[in-house]
Amino acid sequence: MKIIDRRKSLETCTESGWDAIDILTEEPLNDEDIESLRSIEGSFIYLRQLKKPFFKIESHNYVIKGVRGDSFFRYAFHREHQEDVSFDRFS
Amino acid sequence: MIYFNNAATSYPKPETVKKAYLDALEALPSGQFRSALSCDDADVFSLCRNRLGSLMGISGTDRIYFASGSTEGLNVIINGLGINADEIAATVTEHNSVLRPLYNLPSIKGEPVILSCDENGYIPPELFENEAKKGRIKALVLNHCSNVTGAIQDAKSFGEISERYGIIFILDVSQSAGCLEIKADEWGVDALAFTGHKSLMGLQGTGGYYVREGLSFIPLKYGGTGLDSSRILYEDDGYEYEVGTQNSAGIAALSAAVKWIMDQGMDAISEKEKKLTGYAIDALSAVGGIRIYGSGLRERGPVVSFNMDGFAPADLAYILQNSFDIVTRSGLHCTPLIHKYIGSAGKGTLRISFSCMNKESEIDEMISALKEIAG
């Protein structure tokens, strides 16, 4: 997985006071990409039964979520915790 | 794509609305009082005002003013009455378009009196009367239809209480205009704010407000009006409220939208949306692990809020949108105070909201998606 851009999410309201950025990837996310994100600390949910499977990694101060096949995933975080997760190794 | 976010912005728009907008862009520009070009019987502004008046039961249509939407309208009204916040009553069902002006406008002081609601989002008028009796309240701002539970407030009773105690009655019809009956004059409404882009089926950035004849208020903005250009200073009264160049193409589209609603028939639209809402509630109730908010309401607007066990509303909305192409909305819905009372404090709800363009088959698809997600 290669991250090519980060954009402020237009849907921050949905997270009720959190900030969020959408992280854009060079290729659509596959199982291997999602597995590689799993090393990030937090509870991991992967709904493989869906036609477009959904995954989420959740910690107290952030949520990472996305859908297999999309070329982006979302990183939502409490305002003072943006730096809690580094995605540098994917850039 | 299935669109269930009509309480935010209705989509799609009627064909006549699109045509009216494009026609307005092709035609010579309309300008209120600024050009001989507008001196014909096709004055888009007056026509739209008259149609809005017919739809909302307002006879004094010349006191309907255009603005960018109800947020601007509410700011103008709340700022303009010259009343401090601690003399204003509002409710926990209010949108931030009411709460934020009340708490932040530099021109008004103190904190408003906030009336609570029951678990369905309904506010008993007696609560208001109890406050009114104390003699301090000078104005009430009431959300007519909740954008969270769909609860429809008894505006007529609130109007009667307001009249009895000499309180200015301000009604926010952002969610009800175009889908529910409004009788502003009959209900004793002194001021009202509406937006064009929801059930009125117009464009984003259109809407406005109404202030009845005889109720003086100070403008929030000053500028060119095309009337008496030699006058610079306004004192006491005789103010003008539509300043700057108006969004004539948007107003032409809004006018066409209101005509479309009247042609369809308000009753027919209301009945169709009521059926869709009832159908959705019944279908959701049959899915395990779903809690519907405001399920005890007998009458409601075309809005259903719910949560599903094991899923944050934001996650459920994300999955529905990105895995199933179903557009909903999650969170607090810009209405932060109601959630404590209906049991959705913290993360809020997932909300689906309908227009008369939606179909039962779309609800069936969403239910299938929810069952698949629930596993």
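Q: At what angle do α1 and α7 of chain B pack, and how far apart are their axes?
A: This is a predicted model. In it, helix α1 (residues 15–26) and helix α7 (residues 248–264) of chain B pack at about 150°, and their axes are 8 Å apart.

Q: What does that make them, roughly parallel or roughly antiparallel?
A: Roughly antiparallel: angles over 145 degrees count as that, so α1(B) and α7(B) fall in that class.

Q: And the crossing, left-handed or right-handed?
A: α1(B) passes α7(B) in a right-handed crossing.

Q: Which residues make the contact?
A: On α1(B) they are T16(B), V17(B), A20(B), Y21(B), A24(B) and L25(B). α7(B) contributes S248(B), A249(B), A252(B), A253(B), S255(B), A256(B), A257(B) and W260(B).

Q: How does the contact of α1(B) with α7(B) split by class?
A: Eleven of its residues are nonpolar and three are polar, with no charged ones.

Q: Next pair. How do α3 and α4 of chain B pack?
A: Helix α3 (residues 70–80) and helix α4 (residues 96–104) of chain B have axes 9 Å apart, at an angle of about 35°. The crossing of α3(B) and α4(B) is right-handed.

Q: What makes up that contact?
A: From α3(B) come S70(B), T71(B), L74(B), N75(B), I78(B) and N79(B), and from α4(B) come S97(B), V98(B), P101(B) and L102(B). The contact of α3(B) with α4(B) has five nonpolar and five polar residues, and no charged ones.

Q: Zooming out, how is chain B divided?
A: Into two domains. Domain 1 takes residues 2–8 + 265–374, and domain 2 takes 15–264. The centres of domain 1 and domain 2 of chain B are 27 Å apart, taken over C-alpha atoms.

Q: How many residues does each domain put into the contact?
A: Domain 1 of chain B gives 30 residues and domain 2 of chain B gives 29 residues.

Q: Which elements are on the domain 1 side?
A: Those giving two or more residues to the side of domain 1 of chain B that touches domain 2 are α8 (266–285), β10 (303–308), α10 (339–342) and β13 (349–353) of chain B. α8(B) has the largest share of that side, at five residues. By class, the residues on this side of domain 1 of chain B are 14 nonpolar, twelve polar and four charged.

Q: What about chain B as a whole, how many helices and strands?
A: Eleven helices and 13 strands. Its radius of gyration is 21 Å, close to the 21 Å of the globule rule for 375 residues, so chain B is as compact as a globular protein of that length. The C-alpha trace of chain B spans about 70 × 55 × 35 Å along its principal axes.

Q: And chain A, what's the pattern along the sequence?
A: Chain A has one helix and six strands, in the order β-β-α-β-β-β-β. Along its principal axes, the C-alpha trace of chain A spans about 30 × 25 × 25 Å.

Methods
Residues are numbered from 1 along each chain as its sequence is written. Chains are lettered from A and ligands numbered from 1 in the order in which they are written. This is a predicted model: local features need pLDDT of at least 70, side-chain atom pairs count only at pLDDT 80 or more; totals for chains, interfaces and linings use all residues. Domain bounds come from an automatic or database domain assignment. Two residues are in contact if their C-beta atoms, placed from the backbone, lie within 7 Å. Helices (H or I, at least four residues) and strands (E, at least two) are DSSP runs, numbered from the N terminus. Ala, Val, Leu, Ile, Met, Phe, Trp, Tyr, Cys and Pro count as nonpolar, Asp, Glu, Lys and Arg as charged, and the others, Gly among them, as polar. Axes are lines fitted to C-alpha atoms, for helices over the stretch in contact, and angles run from 0 to 180 degrees between N-to-C directions. Angles under 35 degrees count as roughly parallel, over 145 as roughly antiparallel, 65 to 115 as roughly perpendicular and the rest as oblique. A crossing is left-handed if the near helix is turned anticlockwise from the far one by less than a right angle, and right-handed if clockwise. The radius of gyration is taken over C-alpha atoms; the globule rule is 2.2 Å times the number of residues to the power 0.38.
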